[in-house]
Amino acid sequence: MARPSQTAIPSTLMRGGTSKGPFFLASDLPADAALRDRVLLAVMGSPDLRQINGVGGADPLTSKVAIVSRSSRPGIDVDYLFAQVSVDKALVDVTPNCGNMLAGVGPFAIEQGLIEARDPMTPVTIYMVNTGNIAVAHVPTPGGQVGYEGDTAIAGVPGTAAAIRIDFRDTAGSSCGAMLPTGRALDVVAGMAATLIDNGMPVVMLRASDFGKSGYEAPAELDADSQFKSRLEEVRLAAGSLMKLGDVRPKVVPKMTLIAPPREGGHVATRTFIPHKCHAAIGVLGAVTVGTACVLPGSVATGIVAVPPGNVKRLSVEHPTGEFSLEIEVDQSAAELKVVRSSLIRTARPLFRGHALIPASLWEGAPEKSAAVRAT
């Protein structure tokens, strides 16, 4: 019998929030991390600016992967490993989380039989392997099946869909060990005033005006300014060390976010880099972290953001293609502000179910599943 030339790996292409990528069961991928990464590069078609030989969309927002498995952790339903696959480099980064792809984890887990659906809503408790955080996704499951249709619109996605509410638990210091890695709300990094913060995503928040920018520029305009980009990278590299992230040259964190006064009825305007290209929107956990910095006394947002009163603060974070609404509950009774809960609303939808094909010479597939998943 001829040896198959391609290995077929079961997957579901899903949109999660404003991101998109294949979702895999962990058992359908190599257990060895180095081999797994080579397989993911082949699946996505990286490195190549067009990702023409894979299923990647030639953009960081569409070159993402979610790997899901039933969890053995007490009180947890599923484990979720996020992988950011570089478009133009042979790099798979599992350092950060992705809250947009997270929106698809609950529906995927239910439809893969990892958790039993309830009627009308199924809470799915998710352990984010990248950073050790926990989130609870409230997935609409009318009649015991995932419901995708609804009237919720999110900026950056055409049309409407069913709302998935995601509550984050204990996200402070997920990657850096503390919400404020330096212990300060304001630092001077490479000569620039900055707030170094991690409430689910390591972020360096800076005033756009300090770079001679308005903060309302189109992403393409900012990307075209090589002198500005060089200065921003200088700050990022210096901040990485201060945030206990080490040498961040090969990493996609920390994210760099410029802020400016709102002009579309929100609380703050943002331009975020991931880390070298200006984001068309803003990531979920990036928005949560930026929102947290906005309510933090003494941060670079002081004088820019009008912070809502009360312990439950509803914020609208403006970005190039719309806005991101989130809710942050804080405890202000202690000496230092403590984030109790961060919540947001996302939507998700499966786009295609089938098999991702890679050369069999790279990997012949999971032994126990090879007969079922290989293509001739």
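## Confidence in the model

Averaged over the chain, pLDDT comes to 93, and 97% of the residues reach 70 or more. Keep in mind that this is a predicted model.

The stretch to watch is residues 371–376, where pLDDT stays under 50. The model does give that stretch 15 contacts beyond four places in sequence. Still, where pLDDT is low, the predicted coordinates should not be read in detail.

## Helix H5 and Thr-289

Let's start with H5, which covers residues 284–295. The helix has twelve residues and runs 17 Å from its first C-alpha to its last, close to the 16 Å expected at 1.5 Å a residue. H5 is mostly covered, with twelve of its twelve residues buried. Among them are Val-284, Gly-286, Val-290, Thr-292 and Val-295.

Thr-289 sits in this helix, and at 0% relative accessibility it counts as buried.

## Cysteines without partners

If you are setting up bonds, here is the count for disulfides: the structure holds zero.

Two cis peptide bonds deserve a look. One joins Asp-119 and Pro-120, with omega about 10°. Pro-120 is in the loop between helix H2 (99–111) and strand S6 (121–128). Another joins Ile-274 and Pro-275, where omega is about -15°. Pro-275 belongs to the loop between strand S13 (268–273) and H5, which brings us back to the helix that holds Thr-289.

Gln-51 has phi near 45°, and its place is the loop between helix H1 (33–44) and strand S3 (64–70). Lys-244 has a positive phi of about 65° although it is not a glycine, and it sits in the loop between helix H4 (226–242) and strand S12 (255–260). Which of these counts as exposed, at 56% relative accessibility? That is Lys-244; Gln-51 is buried, with a relative accessible area of 1%.

## Salt bridges

How many salt bridges does the structure hold? The total is 16. One of them pairs the side chains of Asp-79 and Arg-73, at 3.2 Å from N to O. In this pair, Asp-79 counts as buried at 12% relative accessibility, whereas Arg-73 counts as partly exposed at 34%.

Next comes the bridge between the side chains of Asp-225 and Lys-213, with an N to O distance of 2.5 Å. This pair links distant parts of the chain, twelve residues apart: Asp-225 is in the loop between helix H3 (219–223) and H4, while Lys-213 is in the loop between strand S11 (202–207) and H3. Asp-225 is partly exposed, with a relative accessible area of 23%, and Lys-213 is buried, at 16%. The side chains of Lys-229 and Asp-223 also meet in a salt bridge, 3.4 Å from N to O. Here Lys-229 counts as buried at 18% relative accessibility, and Asp-223 is partly exposed, at 26%. Elsewhere, salt bridges that share partners join Arg-314, Glu-327, Glu-329 and Arg-341 into one network.

How values were computed: Residues are numbered from 1 along each chain as its sequence is written. This is a predicted model: local features need pLDDT of at least 70, side-chain atom pairs count only at pLDDT 80 or more; totals for chains, interfaces and linings use all residues. Side-chain values use heavy atoms; hydrogens and water are left out. Helices (H or I, at least four residues) and strands (E, at least two) are DSSP runs, numbered from the N terminus. Buried means under 20% relative accessible area, exposed over 50%, partly exposed in between (1.4 Å probe, protein chains only). A disulfide is a pair of cysteine sulfur atoms within 2.5 Å. The expected span of a helix is 1.5 Å times one less than its number of residues. pLDDT is the predictor's confidence in each residue, from 0 to 100. Contact means heavy atoms within 4.5 Å. A salt bridge is a side-chain nitrogen of Lys or Arg within 4 Å of a carboxyl oxygen of Asp or Glu.
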